[in-house]
Amino acid sequence: MAMLTGLMDSLMAPLAVAIPFLFVLTVVVFVHELGHFLVARWCSVKVDAFSIGFGKEIWGFTDRHGTRWRFAWIPLGGYVKFMDDDNAASAPSRETIASMSEAERAGSFHAKPVWQRAAVVAAGPLANFLFSILIFALIFMALGVTRMEPRVAEVLPDTPAAKAGFQSGDLVLAIDGTRIDDFADLQRIVSSSPGRSLVFEVDRDGKRLALDVQPELREQDDRIAGKVKRPLIGIRGPAATAKVTHERVGPLAAVGLGVERTWEIITSTLGYIRDVIRGQQPADQLGGPVRIADVAGKVAKQGIVDLVFLTAFLSVSIGLLNLFPVPVLDGGHLVFYAIEAIRGRPLSEGVQDVSFRIGLALILMLMVFSFRNDLGIIARWLS
């Protein structure tokens with residue numbers, strides 16, 4: 001019986017990772033590509049294919065407009081292919097455009113005005129951001145907002161907080177002039193400020209004090225990410241006796257909170273990348289599909305709400321990543337269109353071709369680096 005149970009656990013373990021991973025990634029990719037698709041249709045661009053995944057088709061159908069909707073074997077992204085694209089990266093096929101009739105050119109993406117092409121490209125990341133705002137808003141409306149007062153329960157010895165003079169019971173009022181109403185706000189600011197001096201305004205027995213503290217990178221156990229290095233100051237809180245407030249949230253307030261949460265993810269992500277470039281944070285948090293799958297499997301065990309929250313978080317990340325000014329990505333196309341709008345004509349085909357090759361090389365290098373970071377996760381799976 002024990003052997004049978006062990007066998008069933010071994011068979012179910014991969015599914016416990018694969019199913020949440022496919023759910024999260026498929027939803028996020030579908031939303032992104034749907035943004036491109038809808039604006040393309042609005043601009044009268046003929047869409048040949050809407051694909052979730054790459055490679056050989058598993059299942060699909062053709063709609064009345066001639067678009068092939070397909071699921072493919074490699075579920076690591078997707079694309080919308082226009083009639084005059086040379087490939088899934090939306091590189092223009094000059095030969096195809098030159099041989100088109102006037103009727104065919106009416107549905108050509110690359111024959112559209114530059115503002116329409118820019119709108120189609122920008123619609124993908126924008127759809128990701130709007131989708132995340134919607135998810136966060138619905139969660140806030142359904143569950144409300146819980147806030148825990150930012151009171152220090154314990155100051156750990158030999159930490160920046162101890163050296164700065166923090167004491168148990170201190171109530172944090174502001175950090176660098178920013179009002180703090182929730183302990184989560186305190187954690188967010190500290191985690192995005194490695195090596196930077198922060199001025200904490202605290203209330204201690206009715207007296208206001210200003211304490212300077214500089215977060216330090218310290219290893220921490222995370223129930224999702226495992227052992228990670230994060231900027232910490234060395235306090236615990238809030239205590240079991242801390243004040244907790246719960247508020248119901250209406251639709252407008254929920255949308256505002258959704259925008260705020262989405263913006264926090266964008267700024268914290270950009271801040272992390274900046275700190276990695278400066279050498280202030282390790283790059284071990286950069287991961288690829290393996291890390292996403294691992295996190296999705298762990299989050300799914302905590303409940304559907306957490307999995308939906310992860311979907312919103314990943315949607316913001318995918319939207320932001322695609323806006324980076326790297327050829328092949330949406331941001332790279334937008335840079336080309338901006339140059340075209342300024343010059344009055346597009347860059348030469350040779351320049352664009354070289355740029356796409358460089359962009360592809362950069363993406364492949366990032367994938368290799370991410371895979372290197374994910375080797376530890378693979379080793380844990382195999383063990």
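The axes of helix H4 (residues 114–143) and helix H9 (residues 304–322) come within 8 Å and cross at roughly 155°. Here, axes are lines fitted to C-alpha atoms, for helices over the stretch in contact, and angles run from 0 to 180 degrees between N-to-C directions. H4 is therefore roughly antiparallel to H9, a description applied to angles over 145 degrees. The crossing of H4 and H9 is left-handed, meaning that the near helix is turned anticlockwise from the far one by less than a right angle.

The model is predicted: local features need pLDDT of at least 70, side-chain atom pairs count only at pLDDT 80 or more, and totals for chains, interfaces and linings use all residues. Residues are numbered from 1 along each chain as its sequence is written, and side-chain values use heavy atoms, with hydrogens and water left out.

Contact means heavy atoms within 4.5 Å. Among the H4 residues that meet H9 are Pro-125, Phe-129, Ile-135 and Leu-143, and the H9 residues they face include Val-305, Phe-309, Ser-315 and Asn-322. The residues of this contact between H4 and H9 comprise 15 nonpolar, six polar and no charged. In this scheme Ala, Val, Leu, Ile, Met, Phe, Trp, Tyr, Cys and Pro are nonpolar, Asp, Glu, Lys and Arg are charged, and the others, Gly among them, are polar.

Attention now turns to a sheet. Strands of a sheet pair through backbone hydrogen bonds, either parallel or antiparallel. Four strands form an open sheet in the order E6-E5-E7-E8, with antiparallel pairing; two strands pair if DSSP finds at least two bridges between them. Strand E6 (178–179) and strand E8 (207–213) are the edge strands, each pairing on one side only. Strand E5 (residues 171–175) pairs with E6 over two bridges, and Arg-179 in E6 is the bridge partner of Ala-174. Helix H6 (residues 183–191) lies across E5 and strand E7 (198–204), at about 155° to E7.

A single residue may be considered next. Glu-340 is found in helix H10 (residues 330–343). Glu-340 is buried, with a relative accessible area of 13%; buried means under 20% relative accessible area, with a 1.4 Å probe and protein chains only. Not counting residues up to four places away in sequence, Glu-340 touches Val-114, Arg-117, Arg-345 and Pro-346.

Finally, the chain as a whole has eleven helices and twelve strands. These are DSSP runs numbered from the N terminus: helices (H or I) of at least four residues and strands (E) of at least two. Of the 383 residues of the chain, 40% count as buried.

Notes: Angles under 35 degrees count as roughly parallel, over 145 as roughly antiparallel, 65 to 115 as roughly perpendicular and the rest as oblique. Buried means under 20% relative accessible area, exposed over 50%, partly exposed in between (1.4 Å probe, protein chains only).
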